[in-house]
Structure formats: structure tokens, C-alpha cells
Amino acid sequence: MEKSALQIARAAYQPKLPKALQGPVKVKEGAATQSVGNQDEIKALFPNTYGMPVVEFVSAESENKEAVNVGIILSGGQAPGGHNVISGLYDGVKSLNKDSKLYGFLMGPGGLVDHKYVEFTDEFIDEYRNTGGFDIIGSGRTKLEKEAQFESGIEILRKLGIKALVIIGGDDSNTNACVLAEYYAAKNYGVQVIGCPKTIDGDLKNEQIETSFGFDTACKTYSELIGNIQRDCNSARKYWHFIKLMGRSASHIALECALQTQPNVCLISEEVEAKQMSLDDVVAYIAKAVADRAADGNNFGTVLIPEGLIEFIPAIKRLIAQLNEVLTDPTTGEPREFANADEQIAFVKGNITAENLAVLESLPADVARQLCLDRDPHGNVQVSLIETEKLLSRMVAAKLAEWKKEGKYNGKFGTQHHFFGYEGRCAAPSNYDADYCYSLGYNASRLIANGKTGYMSIIKNTTAPAAEWIAGGVPITMMMNIERRNGANKPVIRKALVELEGAPFKYFASKREQWARETSYVYPGPIQYFGPTEVCDQCTKTLTLEQGK
Ligand code: FBP
């Protein structure tokens with residue numbers, strides 16, 4: 001395969017490990033843990049994996065060097081650094097014993113169920129060190145949650161002599177990893193299950209998990225692009241750029257990019273919900289920034305929009321919830337069938353409340369139509385298909401036209417639209433993600449060697465140099481609570497949304513008025529892999545602010 005010069009140079013990069021993992025380790029146990037909510041229910045559901053202590057690895061004289069066969073799965077959306085988790089785990093199990101083997105299940109959890117796998121070798125792994133993407137084994141969104149799947153999984157695990165399975169995923173995949181760990185423990189199958197925190201969305205974090213991997217690289221990639229747009233915008237001075245940023249529900253990506261680039265406007269979905277803003281309030285907020293800048297002669301600017309915004313607007317959230325309900329056949333639980341689109345729209349309009357109908361009819365006709373018609377395979381409204389960046393800019397244009405008539409605005413409003421998501425999800429990992437992911441994978445090998453199951457691999461103190469990072473594990477049950485999902489109460493890992501009382505949001509809120517009126521753009525430039533540490537090894541602003549650094 002032909003490679004770029006950077007690919008060749010980057011392949012030789014040796015990721016850094018925390019000091020403790022550079023030699024033999026032993027476990028230092030903390031106190032017993034509790035789940036973050038619904039303790040009695042979670043304890044009853046996870047009798048074998050509840051209450052275990054948080055563990056930390058510390059240097060030791062020697063360690064268990066038995067050979068072990070391990071399997072690994074990449075689950076859900078791609079995130080930069082996945083290949084380094086795998087290479088870290090590979091090096092970790094081989095450092096325990098050269099006869100250890102690592103198997104990769106293909107195309108996500110489905111590979112375990114369908115018995116599709118590969119065995120890793122030195123040459124195979126070397127092709128993927130420090131590269132972006134999940135293409136080494138592929139990823140998928142099959143949910144591992146049924147007993148039949150667990151039983152099918154154990155067949156292949158037994159056949160390959162696999163003693164431990166590492167599942168790399170977000171909150172849902174790690175919830176499933178925990179259920180699987182409990183199931184195999186209850187059945188005494190002798191297979192450990194370890195999770196690993198992945199998602200560019202940054203919403204799998206808590207007191208024990210500082211960040212999910214991939215967030216750092218994805219945000220740096222988007223921030224580079226936003227910075228480039230801002231330079232163009234400040235040069236041409238004729239466009240407002242509406243930029244939607246990936247992140248299914250939480251607004252961490254938008255917030256981090258705003259902290260890095262200082263745009264004129266950045267919406268935070270969690271704030272929109274907390275302030276009970278309507279779509280019109282959001283539009284008026286953006287239009288005011290446009291009008292204020294126009295008054296200063298600046299008919300240009302940037303607006304960052306989180307992907308999940310529309311679902312956080314309370315009135316639209318209620319409408320979507322009812323659309324999901326009325327479009328499902330209550331007897332079968334399957335999506336209702338309609339002869340044609342017109343029949344479907346008429347049915348929707350006749351079966352939702354007057355309040356929801358008013359919200360639906362207040363939306364531009366094509367968006368309302370899309371909401372009524374497009375379904376995902378589970379029958380749910382496909383909110384992610386709504387081009388929020390275009391919807392908002394159109395509505396802002398209409399508002400400004402009204403204000404013009406009233407003499408409240410006298411500017412020009414030209415627009416450009418962008419959606420950044422796939423541009424960053426498979427980028428070559430930054431030094432932070434390359435080191436963090438390699439350490440997470442290597443660390444998982446030590447959790448396995450020490451007999452742990454139902455734990456997530458964790459690396460802490462990551463705002464310090466890598467040698468000072470702290471390696472260990474956290475019981476997944478500790479992060480769980482009961483939530484309502486698809487009409488049933490389920491044990492799930494609590495999703496971390498943007499905290500309005502948290503330091504990153506507060507810093508942003510203290511600056512945004514100035515950023516809105518003035519042109520305070522920052523241009524982060526591309527991720528640098530080689531050069532001075534202050535250029536190459538910075539972690540995210542979110543993490544720096546959260547840790548008060
Ligand atoms: P994960 O939480 O599974 O890591 O996925 C994150 C994500 O990139 C979201 O930001 C985005 O909404 C979604 O995946 C898109 O997924 P897909 O490309 O499968 O539609």
C-alpha cells in the first residue's frame with residue numbers, strides 16, 4: 001500500500017505510557033463503590049459485578065506472566081485512536097507473555113455473534129500504529145443485549161481459548177459490556193469483559209473517566225477548519241457561516257470548538273433546554289448578533305450549532321416524542337404503514353395535540369414534512385437528517401427582513417453552510433489521543449492479567465505529562481443508574497451532558513458577548529505531531545478548564 005510521508009514518519013512514533021505501566025504492576029484497591037443512582041436496583045441486577053473497588057496500578061517487583069488469549073471489538077462510531085487501543089493491548093498481552101494471542105472481531109459486536117474474526121500479528125498491527133479510523137477490523141452498531149447473542153459469543157470465545165473480551169465503545173456499548181460481564185460471571189463461563197471509553201462526542205466521562213478518546217483529535221480537526229473559515233470570513237467580510245458540528249446529543253464538541261476558535265455565536269443545546277427557549281428565541285438570539293455586528297459595519301460572522309440542538313428545544317422535543325408514538329402501531333410495536341406520504345402526514349396531523357400541531361405548522365414546510373415522513377429502522381423520527389444549519393439561517397434571514405422593515409436592521413446577510421463530522425472522526429490521532437489510547441489498551445492487558453471483569457480501563461491525570469498519568473480501572477456498575485429507554489426502565493451508564501455550572505461553559509459564557517460583537521477569532525491551525533511540546537501536546541480546553549489548570 002502506498003503511504004504519505006507523514007504516514008511513514010508517524011508509524012515510527014512510540015506512544016508514551018504512564019510510569020507505572022512501564023514495568024511490572026500490582027493492584028492498589030480503593031474503597032468499595034456504589035452506582036451513581038438507583039443503588040438497590042443496580043445491585044440486584046448486577047449481583048456479581050456490583051460494588052467492586054476502583055483500582056490503580058502501581059509498580060511491583062514482578063507480575064503474573066501467564067499467556068492469555070484476548071478478543072477485541074470496536075463498537076459504534078469511529079473515533080481517532082482506536083487503532084492505538086488495539087496496538088497498546090497487543091503490546092500489553094505480548095509483554096506479559098509472547099504466546100498470548102489477540103483476536104479482533106469484525107465489523108463490531110456482530111462479529112462476535114456471527115463468529116467473524118482475525119488474529120493479529122506483528123506485521124498486521126504495525127500497519128495501523130498511530131493511524132486514524134477503525135478499518136483494522138471495522139466497527140458496527142449491533143447492540144449486544146440478548147441472551148442468544150451472549151451464548152453465541154461464548155461458543156467462539158471457547159473455540160479460540162479467549163479468556164477476556166475488550167469492548168471499545170460509548171455509553172451504550174459499555175453498558176452492554178457490563179451486562180455481558182455480569183452474564184458470563186453469573187454463568188461461571190470464565191470470560192472477563194473489559195470496557196474502554198470511546199466517542200468523539202465526549203459524553204462518556206465522569207469523576208473517574210477524564211475524557212472519552214477521540215474527542216481531542218476530532219475537536220482539534222474541526223477547530224482547524226473553523227479557524228480557516230474564520231480567516232476567510234474576516235478576509236472577504238461578506239458571509240455569515242453557519243457551521244453544524246457532530247455530536248449526537250451533548251454539545252461538548254461545539255463548546256470545545258468555541259473555546260478554541262472564539263466564534264461570534266455558539267449555541268449550547270443544554271442551555272437552550274434549561275432556559276426553555278423556543279426555536280424563535282434561538283433565531284432571535286442569532287439575528288441580534290448579526291444585527292449588532294451590522295451596526296458596526298461587520299456583515300460577516302460565524303455561528304456554531306451542535307448536531308443535537310433541535311431535540312433540546314423543549315417544544316420540538318415534545319413534538320418528536322409524540323410523533324414517535326403516533327407513528328408506531330401499538331399492537332405490534334412496529335412502524336405504522338401508510339399508502340403514501342400524504343396519507344401519513346394527514347394521519348400525523350389528525351393524531352397529535354393542538355399544541356404539537358401548532359409547533360409543527362410553525363416550522364418551514366419542508367422540515368415539517370421531513371419530521372412527519374423520515375423514519376429510522378426502529379421507526380423513530382430521523383432528527384439528524386434535519387439540516388439545522390440551513391433551517392436556522394433561513395429563519396434568521398426572515399427575522400432580519402422583518403427587522404429591516406421596522407428599521408431595526410440595516411445590513412447585508414449572505415450565508416454559507418457547513419457540517420463537520422466525518423471530517424474529524426477518522427483523523428490521525430493527536431499525540432494526546434495516540435498516547436491516551438495506547439495507554440488505555442496496554443492498561444486493559446493489566447486489568448485482564450489481574451483477573452478483573454466488569455471494569456472500564458481508565459487513565460487519569462492526563463493534563464500532566466504522560467509519565468505522570470495514573471492507570472487503573474473503574475467498575476462499570478459505578479457509573480450506572482436506571483433510565484427510561486424505549487418505553488422500559490433500563491440500567492444504563494449516565495450520559496454526561498454539558499454542565500451549565502461547569503468551568504468550560506462558565507468560561508465560554510463570560511466571553512461570548514465580547515466574541516459576538518468583536519472579531520476575536522483564534523486560528524488553531526492543523527494538528528502538529530512533531531515539534532515543541534506546547535504546540536504538539538496540548539490537551540483540550542475543556543479538560544484544562546475542568547481540572548482548573
Ligand atoms: P458514537 O457515540 O457511537 O461514538 O458515535 C458518535 C457519532 O459520531 C455522533 O457524533 C454522530 O451523531 C453519530 O456517531 C453518527 O453515526 P453514523 O455515522 O453511524 O450515522
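Student: With which strand does β8 pair in the parallel sense over six bridges?

Tutor: This is a predicted model, in which local features need pLDDT of at least 70 and side-chain atom pairs count only at pLDDT 80 or more, while totals for chains, interfaces and linings use all residues. Residues are numbered from 1 along each chain as its sequence is written, and side-chain values use heavy atoms, with hydrogens and water left out. Strands here are DSSP runs of E with at least two residues, and helices are runs of H or I with at least four, numbered from the N terminus; two strands pair if DSSP finds at least two bridges between them. W240 has T415 as its bridge partner, and the strand that β8 (residues 240–245) joins in the parallel sense over six bridges is β11.

Student: Which strands stand at the edges of this sheet?

Tutor: The sheet is open and has four strands with parallel pairing, in the order β9-β10-β8-β11. Each edge strand has a single partner strand, so one side of each is left without a neighbour in the sheet, and these strands are β9 (265–266) and β11 (415–420).

Student: The side chain of N299 reaches the backbone nitrogen of which residue?

Tutor: N299 lies in the loop between α11 (279–295) and β10 (301–306). Leaving aside residues up to four places away in sequence, N299 touches (heavy atoms within 4.5 Å) several residues, among them W240, Y409 and G411. At 3.0 Å, its side chain reaches the backbone nitrogen of K412.

Student: How far apart in sequence are the parts that K452 and E29 tie together?

Tutor: The structure holds 27 salt bridges, each a side-chain nitrogen of Lys or Arg within 4 Å of a carboxyl oxygen of Asp or Glu. In one of them the side chains of K452 and E29 meet at 3.7 Å, N to O. Because K452 lies in the loop between α19 (431–449) and β12 (455–460) and E29 in strand β1 (residues 25–29), the parts tied together are apart in sequence by 423 residues.

Student: How much area do domain 1 and domain 2 bury between them?

Tutor: By an automatic or database domain assignment, the chain is divided into domain 1 (63–214 + 429–476) and domain 2 (216–425 + 501–546). The contact takes 19 residues from domain 1 and 24 residues from domain 2. Buried area is the accessible area (1.4 Å probe) that two parts lose on being put together, summed over both, and here, with 51% of it on carbon and sulfur atoms, it is about 1700 Å².

Student: Which side chains meet in a salt bridge at 2.6 Å?

Tutor: Between domain 1 and domain 2 the count is one salt bridge. The side chains that meet at 2.6 Å, N to O, are those of K205 and E546.

Note on methods. A polar contact is a pair of N or O atoms within 3.5 Å; within protein, one must be able to donate a hydrogen and the other to accept it, and residues adjacent in sequence count only if both atoms are side-chain atoms.
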